[in-house]
Amino acid sequence: MRVRAVMIRILLQLKHDKRTIGLMVFAPILVLTLMSFIFGGEAYHSKIGVVNAPLQFVNSLENGDAEVTRYTEAAAARALYEGEIDAVVDFKNGVPNVELEGSDPAKSRAVLSLVKTSSMKAVLQVQVEESYLFGYEDMSSFDNFGPILIGFFVFFFVFLVSGIAFLGERNSGTLERLMATPIRRWEIVAGYLLGFGVFTILQSALIAWFSIEVLHIMMVGSFALVLLITILTAMTALTIGIFISAFANNEMQMIQFVPIIIVPQVFFSGLFDLSTMAAWLQAIGRFTPLWYVADALRNIMIRGKGWEAIYFDVLVLGSICLFFTAANILILKKYRKI
Amino acid sequence: MQDEIALQVKHLNKSFDKKQILHDVSLDVHKAKILGLLGPSGSGKTTLVKLMAGIDSPDSGEVFILGEKVPNLKMLNRIGYMAQADALYGELTAEENLEFFASMYGLRKSEKKNRIEEVMKIVNLYDYLKIQVKKYSGGMKRRLSLAIALLHKPPILVLDEPTVGIDPVLRISIWEELYELCRNGTTIIVTTHVMDEAEKCHELGMIREGRLIALGTPEEILKASDSETIEEAFLFYGGVKR
């Protein structure tokens with residue numbers, strides 16, 4: 001009964017605090033929407049200037065979605081300097097010389113690979129057949145890292161809000177007052193888990209639904225499994241948030257934990273490709289909860305895999321939850337020995 | 001049984017961060033009496049009443065409430081505690097605060113409604129039941145804290161500075177209510193740093209620098225120290241006078 005009362009109280013507090021609800025629900029939706037505009041647009045079309053290029057080569061570049069302009073040698077140099085084009089391909093004695101603008105490595109790489117394949121096609125006259133095991137042609141980068149972002153936002157906001165809520169309970173003296181009632185320590189922690197649990201189920205369901213139905217993020221797997229993972233993410237963030245709040249004296253100090261607890265997790269979650277990093281450094285990712293969240297969500301949403309691909313992630317996240325729940329119950333001993 | 005002992009304190013010592021707050025405090029509280037603990041801020045009153053309420057445990061010494069040793073989870077149900085700081089949920093209405101704490105003490109649903117109405121009438125806040133607590137004044141918050149302490153009809157009430165910031169008229173009505181509770185068998189422990197309030201208690205303990213320097217009825221204390229006022233008596237026992 002006491003657990004239920006704590007849960008109801010937390011939901012009532014949230015109900016009275018419209019701003020926090022707004023932060024937890026609309027902030028992730030806003031940022032995800034912006035991200036989808038920025039990274040979800042069509043693939044970049046390289047702008048290539050050509051000098052003395054054979055028609056076949058130009059056609060081949062254009063088939064590769066490049067914007068091709070013919071220049072004289074001098075005009076090409078000027079256009080490159082002004083940043084109007086990404087590269088100049090100058091045919092000297094039939095050999096293509098590529099000069100790159102070079103300030104954006106991603107654009108440079110795109111141009112080089114296009115020029116190479118076009119030169120090859122000119123020699124071999126073949127069409128490469130493409131097929132995708134997962135993903136699809138012209139898959140946007142937002143589709144690729146969107147699943148991680150969903151997990152990240154759920155984690156980040158639940159961590160912050162639950163941590164600060166529990167901190168408020170410590171600082172306002174209500175925790176001490178609560179300890180003067182016959183409530184058991186585990187009942188407080190369980191009440192918090194349920195109260196925020198109910199709210200975060202709604203929050204993560206809404207974020208996942210919005211990303212999939214409105215932003216049309218790639219999603220080929222089961223929505224129920226996505227929900228399972230986001231809820232588990234919220235629970236993990238909740239238990240860690242409450243745990244960390246024990247080491248903060250005020251809200252500002254809670255915020256100070258963000259660069260220590262949250263930001264490294266983002267780096268190791270797979271948002272950035274780490275496959276070139278030293279193996280032992282990559283292994284650090286296995287110690288961050290967000291890595292498992294990202295792994296599971298990508299397997300479900302992009303690869304359409306089922307339970308067998310994510311059960312290990314679920315197991316790890318569940319264990320983290322249990323561990324920190326137990327730790328939180330122990331930490332409350334500071335307030336009352338029994 | 002006029003002199004039945006409700007609460008017993010034996011040789012309490014308590015330190016925080018190597019600083020000793022309480023030195024060998026022993027006292028008995030008689031059933032259905034009001035014990036006042038008088039002392040300046042920082043004298044250890046709050047630490048002492050927390051130990052007496054069974055919320056904290058002493059470094060050495062023992063506290064018995066109604067014969068049972070505390071801290072003890074079961075006994076927390078028999079104590080009404082009002083902390084010095086108003087521990088209320090500001091975002092919630094008074095009613096929601098009361099309902100929450102009523103659930104903590106395991107009150108039944110039908111009982112809850114009646115008790116909430118009763119205690120809010122006692123502290124004169126019944127008309128403000130649906131107001132968010134953060135909109136309350138300081139005095140109103142104190143009264144609400146008192147109402148919460150009374151909710152589960154505890155046989156022992158521990159009130160840490162209950163009348164701070166409450167206007168004199170209401171203060172009188174709260175004291176009348178405390179006497180009324182006493183007549184019905186409730187044992188009350190009150191801390192205060194206001195000398196004239198100390199005289200209203202049946203028994204008085206004076207605390208200075210973590211030591212119990214005097215204990216007895218206000219009359220006994222005045223007589224023994226040959227003082228006119230409680231303040232004089234406090235100076236006498238504090239070793240300042242004579």
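Visitor: How many residue pairs are in polar contact between chain B and chain A?
Guide: Good place to start! Keep in mind that this is a predicted model, and both residues of a counted pair need pLDDT 80 or more. With that condition, the number of residue pairs in polar contact between the two chains is 8.

Visitor: Which helix of chain B gives the largest share of the side that touches chain A?
Guide: Two helices each supply at least two residues to that side: helix 2 (94–104) and helix 4 (138–150) of chain B. The largest share is 5 residues, and they come from helix 2 of chain B.

Visitor: Which residue of chain A forms a salt bridge with B:Lys50?
Guide: The rule finds 1 salt bridge across this interface. A nitrogen and a carboxyl oxygen must lie within 4 Å to count. Here the closest N and O atoms are 3.1 Å apart, so the pair qualifies, and the partner of B:Lys50 is A:Glu176.

Visitor: What area is buried between chain B and chain A?
Guide: The contact involves 25 residues of chain B and 24 residues of chain A. In chain B, B:Leu73, B:Tyr89 and B:Met104 lose the most area, together 28% of what that side buries. Carbon and sulfur atoms give 66% of the total, which is about 2400 Å².

Visitor: Is B:Glu209 buried or exposed?
Guide: B:Glu209 sits in the loop between strand 9 (203–208) and strand 10 (211–216) of chain B. Its phi is positive, about 50°, although it is not a glycine. Exposed means over 50% relative accessible area; B:Glu209 has 55%, so it counts as exposed.

Note on methods:
Residues are numbered from 1 along each chain as its sequence is written. Chains are lettered from A and ligands numbered from 1 in the order in which they are written. This is a predicted model: local features need pLDDT of at least 70, side-chain atom pairs count only at pLDDT 80 or more; totals for chains, interfaces and linings use all residues. Side-chain values use heavy atoms; hydrogens and water are left out. Helices (H or I, at least four residues) and strands (E, at least two) are DSSP runs, numbered from the N terminus. Buried means under 20% relative accessible area, exposed over 50%, partly exposed in between (1.4 Å probe, protein chains only). Contact means heavy atoms within 4.5 Å. Buried area is the accessible area (1.4 Å probe) that two parts lose on being put together, summed over both. A salt bridge is a side-chain nitrogen of Lys or Arg within 4 Å of a carboxyl oxygen of Asp or Glu. A polar contact is a pair of N or O atoms within 3.5 Å; within protein, one must be able to donate a hydrogen and the other to accept it, and residues adjacent in sequence count only if both atoms are side-chain atoms.
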